Amino acid sequence: MNRKQVSIALASTLAVSMLAGCAGGKQDSKNAAGGEAAKGPTKISIMANLHTPEVPAPEIEKLLEEKTNTELDIQWVPDGSYDEKLNASFATGTLPQAVYMKNQTSLIMFRDAIRNNQFWEIGPLLKDYPNLKNLDPAVLNNTSVDGKIYALYQERPLSRQGVIYRKDWADALGIGTPKTTEDLYNMAKAFKEKDPDKNGKNDTIGFTDRNDLVYGAFKTVASWFGTPNGWGVKDGTLYPEFEDPAYIETMKYIQRLHKEGLINQDFPVTSKNDQQNLFTTGKAGIYVGSMADVVSLHQKMVTVNPNINLDVANDIKGPNGKFAVWSIPGYGSAVIFPKSSVKTEAELKQVLTFYDKLMSPELSNLIYYGLENKHYTLKNGKAEVTSDTKLQEREVKAYQALQIGGISTVKMLEPLFTLPAKEKAEQLILENNKSLIHDPTAPLDSKAFTEKGARLQDIIKDATYKFILGNIDEAGFKKEVEKWKKEGGDQIIKEFNESYKKAKK
């Protein structure tokens, strides 16, 4: 089969065609994962998210097969249509043996199916595998359904959030590293009013933001103000973040930036690409978001201005004098195992054996960095990735979607960063772990939230933007919160609290 034909269209037939070979597989005799040794490689079918324009070159896949004694059939489904394909395959009973959920939201959507015994519980088996047993129990719990573990996970830093700013602008104006939200305001004001690029024109602003209250600037700024992450807890009861006084104060802060022209005026309708373009073209000097973005932003800017100097900062204290930052649940994608295609526990153990081997340092390095001296080189014990980004994208990047665990659970190579700001960013990302605000509902469940949460959140999103733009006042915002409650929010609050109390017993 031509690998470029491996696409969404195969989803209906691939899982079925693999079933005949699922039970076979050459394993260690009577080990925890395979039972009696069998002849030939184990056939394993996988559905994975494709983040590149084309399916990857087969070299790494062939090495994986050789080193794990498997025959892999990977359905590479483009990211933009992944959830649609996932739902269609589930509805038609054609899921493969290992199915990647693209994010936390996707996994939540499958909770009812998991409860209905359509996927394998794997928690009790993980202790039998030398690598899988090292997965973080706290992160596994965040993937759980009713306290049971059904998924392996791909590690993500708990919080990458912080500030990227034009240090060359700040130096020109005598401004130091921002330490508070007021420092950031003052920096933004200076970037707008004091001609930081020295071109004699009033053509710069402070903040650049986009139409995303989570991964744009708003949620990170809100956490500096002390806003809960999604849900707060008061007197043992959960309440939504937008009912917290700190959420209101955050809206007032962003409103102040908007009124004074210190932020792009159309940010509620600005895309991420346009947001970043404002920064990389020298129109704005402050970017609040993932500090890891500093390397890609620098790469775009340095070709035009070789004297560009970017820096990163976290530990931004709010009006209460404290620093805290919101956290994700610790995973990006997760892998679950359908009973429709994994027929027996023996087959499940064979699939888990593959993933245990995939989580070894050798294979973790292979799928993340590629081949030594081709895709990366070792310098001072760290992996320096090739500067040939097209080669990396064509042959390695897609396979990173298969990763299980990550650098905190696998003794894999650490990356070498040549850009000082990137090295600093990675250190600050680790320091964020000391000041995290967790979402208490991550392992909890609400049927109403699953069914209505996204639609209802649009009410709050619209109300937040209306407040910032001055179209409604605080009373108007609270009126929209009441609308959220009446249209299903009250039920979500009730169900999350019931789940919260049940989990604490």
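**Pairing, burial and salt bridges**

Visitor: What makes strand β4 a partner of β12?

Guide: Three bridges join β4 (residues 152-155) to β12, and the two run antiparallel. Strands pair if DSSP finds at least two bridges between them, so three bridges meet the criterion. Leu152 stands opposite Val335 in β12. A strand here is a DSSP run of E with at least two residues, a helix a run of H or I with at least four, and both are numbered from the N terminus.

This is a predicted model, in which local features need pLDDT of at least 70 and side-chain atom pairs pLDDT 80 or more, while totals for chains, interfaces and linings use all residues. Residues are numbered from 1 along each chain as its sequence is written, and side-chain values use heavy atoms, leaving out hydrogens and water.

Visitor: Which other strand is joined to β12 by three bridges?

Guide: Strand β3 (residues 98-101), also antiparallel to β12. Val99 stands opposite Ile336 there.

Visitor: Why is Glu395 called buried?

Guide: Its relative accessible area is 13%. Buried means under 20%, exposed over 50%, and partly exposed in between (1.4 Å probe, protein chains only), so Glu395 counts as buried. Lys374, at 36%, is partly exposed.

Visitor: What makes Lys67 and Glu362 a salt bridge?

Guide: Their closest N and O atoms are 2.9 Å apart. The definition asks for a side-chain nitrogen of Lys or Arg within 4 Å of a carboxyl oxygen of Asp or Glu, so the pair qualifies. Lys67 lies in helix α2 and Glu362 in helix α14, so the pair ties together parts 295 residues apart in sequence.
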